[in-house]
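Welcome! Please take a look at the sequence and the model below, and then we can walk through a few parts of it together.

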Amino acid sequence: MIVGTVREIKTHEYRVGLTPESARELVAHGHEVLVESGAGVGIGSSDEDYAAAGATLLPDAKAVFDAAEMIVKVKEPQPVERAMLRPGQILFTYLHLAPDPEQAKDLIASGATCIAYETVTDRSGALPLLKPMSQVAGRMSIQAGATALEKANGGRGVLLGGVPGVRPGKVAILGGGVVGFNAAQMAAGLGADVTILDRSPEVLERLAMHFEARAKTRFANAANVAECVAEADLVIGAVLVAGAAAPKLVSAAMLKTMQRGAVLVDVAIDQGGCFETSRPTTHAEPTYVVDDVVHYCVANMPGAVARTSTYALNNVTLPHALRIADLGWKDALRQDPHLAAGLNVWDGKITYPAVAEELGLPSATLDTALA
């Protein structure tokens, strides 16, 4: 198969779909790898590194899209990239379609076969291709929140860890999954006063056993969420409903109960955000203020630590990319029902039920796509 990767063009996105090492693996399997010149600059990989791995360098994204049978990316294709997709071409990347009807419409119109990292599952029902970026984003959320809390950045002027004689900052983490766990690790490590809220008794028990006295756990009912949000210096939104839009846990009215200069970090912004007042931002302008509360809603947080993120992502995406290239997408999905869960768009139709329901669009079944 001819496999291509291009330079990411989303604002301040420096990750890349294939590292030189991943390109080498694909070439070793007998595939041709096409790389847009400069695609790896953001992770410190040169064109020469890709050439040494056996890849062919092409001058621009269009040349890669025109020649490749499968495009491997990181972020959802931007409008100019969606216009270059063609019927039958495979797109393997993060999509997050539920809150993005324009992208869904363009992908449907393209006729491409689109497999989304974020809905691929494993035997436990977890989301293994989302996990490494959730780990990165969870850890970064505390860094970003701590910076936003600085007075010069509009925050309350609170040091999360405090100092002897002064209380530490209060951190409320909404969601105890991968993002929430990693955020709690970082916040507790700094010495912050951490509370994690979740609706699963099993998750709460696991978190309580892990953190012991370093973090508190509370059941995420409306009253507890409202109380913790009102008291917090920093609130991390870390909820996820696979493939669907995130639930709005913090209403606009709740902002009025918060402390002036408190910070909200919405890690769920890729899925529409879990705060009613959230809107996507970029690393160029990461924050804005509503009712004296600082909002950090960068939709590609891991892009800021591009090298770490790219290698972590390639570790989990490469085996699937190899399987698709080796077998063709239909046989690869027939043989692996967990990879099959990643199919979101095929032949001009939505194939992931939660996305179709969220967008109010007709859908095709997976069985129909694989017939």
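Threonine 351 sits in the loop between strand S15 (349-350) and helix H14 (353-359); helices (H or I, at least four residues) and strands (E, at least two) are DSSP runs, numbered from the N terminus. This is a predicted model, where local features need pLDDT of at least 70 and side-chain atom pairs count only at pLDDT 80 or more, while totals for chains, interfaces and linings use all residues. Residues are numbered from 1 along each chain as its sequence is written, and side-chain values use heavy atoms, leaving out hydrogens and water.

Is threonine 351 buried or exposed? Its relative accessibility is 8%, so threonine 351 counts as buried; buried means under 20% relative accessible area, exposed over 50%, and partly exposed in between (1.4 Å probe, protein chains only). Not counting residues up to four places away in sequence, threonine 351 touches Leu343, Asn344, Val345, Trp346 and Ala364, where a contact means heavy atoms within 4.5 Å. A polar atom of the threonine 351 side chain lies 2.9 Å from the backbone oxygen of leucine 343. Isoleucine 115 is 236 residues away from threonine 351 in sequence, yet the C-alpha to C-alpha distance is 10.0 Å.

Isoleucine 115 brings us to strand S6 (residues 113-116), which is covered on both faces. Thr113 and Ile115 on one side, and Cys114 and Ala116 on the other, are all buried. In a regular strand the side chains alternate between the two faces of the sheet.

S6 pairs with strand S5 (residues 90-93) in the parallel sense over four bridges; two strands pair if DSSP finds at least two bridges between them. Here leucine 91 stands opposite cysteine 114. S6 also pairs with strand S14 (residues 343-346), in the antiparallel sense over two bridges, and valine 345 in S14 is the bridge partner of cysteine 114.

## A seven-stranded sheet

What is the order of the seven strands in the open sheet? They run S9-S8-S7-S10-S11-S13-S12, with mixed pairing. Strand S9 (216-219) and strand S12 (287-290) stand at the edges with a single partner strand each, so one side of each has no neighbour in the sheet.

Within this sheet, strand S7 (residues 170-174) and strand S10 (residues 234-237) run parallel and are joined by four bridges. Valine 171 stands opposite leucine 234 in S10.

Note on methods
Polar contact = N/O pair within 3.5 Å; in protein donor to acceptor, adjacent residues only side chain to side chain.
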